[in-house]
Amino acid sequence: MMPWLHLYIDTSGLVKACCDANITFGNINNQSIEEIWQGEPIRKFRKLMLAGQRDRRCDSCFAKEAAGKASMRMETLDKFAHRMDWVQQTDLDGYSPSSKPIYFDIRFNNLCNLRCRTCWHGASSSWFEEAKVLKNNFGKKAIIEAAKDSGHLIDILLNQGIEVEEIYFAGGEPLMMKEHYELLDRLIENGNTKVHLRYNTNLTLLSLKDRSVLALWSFFDRVTVAASIDEMGEQVEYMRKGIDWKRFIHNMQKIKTELPHVQLEIAPTISVFNVDSLGELHQFFVEQELIDVNALYLNVLSRPDYYNIKVLPKAAKQLAQAKLESHLNWLSARGGSEVLMAEFESVIAYMNQEDWSHKTVDLRQHLAQLDRMRLENFETVFPVLKKALDLA
């Protein structure tokens with residue numbers, strides 16, 4: 001249902017099918033949203049969906065579904081089933097008269113204060129200097145902006161007579177972006193506080209200059225904050241360069257105490273670094289009463305290939321599977337939902353779908369290269385992964 005209701009704008013101003021597929025419908029810097037919304041590229045994509053055909057650029061969703069994991073495609077079908085009439089009204093040319101963008105994901109820029117191992121310059125300005133050395137920088141400047149005039153873009157988004165149902169804020173780091181605060185101000189001014197605000201944030205800060213995000217969230221009925229955290233202590237500070245583990249926990253506790261209506265979740269990115277410790281991470285946050293047992297979103301990394309869990313050698317996969325199966329027993333005893341348990345099972349299935357262990361060469365090379373640049377040593381921080389690679 002994405003091309004009938006979802007407006008995704010990336011940091012270069014391109015309107016795409018979603019944040020995970022390189023399917024472009026237009027560019028807000030030289031086209032209006034109205035032109036893009038009923039333009040030939042999006043209508044062509046709608047016709048493909050209606051015909052039940054698969055676009056190869058959507059393989060990420062279909063691979064996850066094959067492993068039993070809920071994909072973005074399935075999640076959208078579930079959340080927006082009440083808008084199915086927009087799909088049913090679509091004509092043979094892909095034109096849908098009632099269809100409107102009611103689910104926003106606007107990446108105003110790539111501003112971010114962390115250099116996560118599983119990220120890159122396109123999604124983090126802090127990566128720029130290292131990216132230049134690695135020759136994978138996205139453009140010639142650190143900060144990349146979707147629009148020349150972000151205030152005008154916000155005007156366009158909110159002045160279309162559309163009752164927006166959901167806004168997803170991600171990054172970069174959304175809580176560092178002035179545009180995020182400006183958009184919330186406008187929603188409050190317009191009385192549109194029923195919109196579901198949903199975040200993926202590194203949760204390293206809760207304000208920008210004199211603007212407190214907690215004060216703004218207090219106006220909204222539905223706020224879901226998914227904190228990007230993959231490990232604990234020394235391990236997460238290696239994976240997410242620049243994060244302060246203690247500050248992160250403090251910020252979660254502050255939200256929990258001051259805004260109990262905010263739905264707190266954790267959203268680990270599952271990679272070669274943490275698939276074997278995923279259960280421990282989950283149990284820590286539940287036992288610290290920072291999240292409910294089912295408040296977990298598993299984000300299985302697809303790219304870069306060398307961090308994908310399919311790369312792990314057979315022995316490492318067996319160890320990770322045993323630990324995940326043990327965690328499933330813990331989940332069952334703690335009242336974990338069938339949906340969440342199926343998600344963990346799908347991680348095991350996805351990991352075992354293919355043998356990419358030949359790519360451990362690329363993994364070793366990239367680890368060593370970044371370690372030299374950052375004066376770090378993955379072998380001392382991740383001895384289990386080091387041992388697995390030595391045995392590969």
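Val-164 is found in the loop that lies between helix H8 (150–158) and strand E6 (166–169), where helices (H or I, at least four residues) and strands (E, at least two) are DSSP runs, numbered from the N terminus. The model is a predicted one, in which local features need pLDDT of at least 70 and side-chain atom pairs count only at pLDDT 80 or more, while totals for chains, interfaces and linings use all residues. Residues are numbered from 1 along each chain as its sequence is written, and side-chain values use heavy atoms, with hydrogens and water left out.

Is Val-164 buried or exposed? Its relative accessibility is 3%, so Val-164 counts as buried, a word that means under 20% relative accessible area, with exposed meaning over 50% and partly exposed in between (1.4 Å probe, protein chains only). Not counting residues up to four places away in sequence, Val-164 touches Ile-102, Phe-104, Asn-192 and Val-195, contact being defined as heavy atoms within 4.5 Å. Val-164 and Leu-5 are 159 residues apart in sequence, yet 9.8 Å apart in space, C-alpha to C-alpha.

Just after H13, Glu-289 takes a positive phi of about 60 degrees.

Two packed helices are described by the angle between their axes and the distance between the axes. The axes of H13 and H14 come within 8 Å and cross at roughly 25 degrees, where axes are lines fitted to C-alpha atoms, for helices over the stretch in contact, and angles run from 0 to 180 degrees between N-to-C directions. H13 and H14 are therefore roughly parallel to each other, given that angles under 35 degrees count as roughly parallel, over 145 as roughly antiparallel, 65 to 115 as roughly perpendicular and the rest as oblique. For H14 and H15, the axes come within 10 Å and cross at roughly 170 degrees, and these two helices are therefore roughly antiparallel to each other. Among the residues that meet in this second pair are Leu-324, Leu-328 and Leu-331 in H14 and Phe-344, Val-347 and Ile-348 in H15.

In H18, Leu-385, Ala-388 and Leu-389 are buried, and they cover an arc of only 95 degrees around the axis, which puts them on the same side of H18. The face of H18 turned away from its buried side carries the exposed residues Lys-387 and Leu-391.

Finally, the structure holds zero disulfides, a disulfide being a pair of cysteine sulfur atoms within 2.5 Å. The sulfur of Cys-19 is 5.4 Å from the closest cysteine sulfur, in Cys-18, which is too far for a bond. Cys-58 is in no disulfide either, and the nearest cysteine sulfur, that of Cys-18, is 6.7 Å away. At 36% relative accessibility, Cys-19 counts as partly exposed, whereas Cys-58, at 16%, counts as buried.

Methods: The arc is that of the directions from the helix axis to the C-beta atoms.
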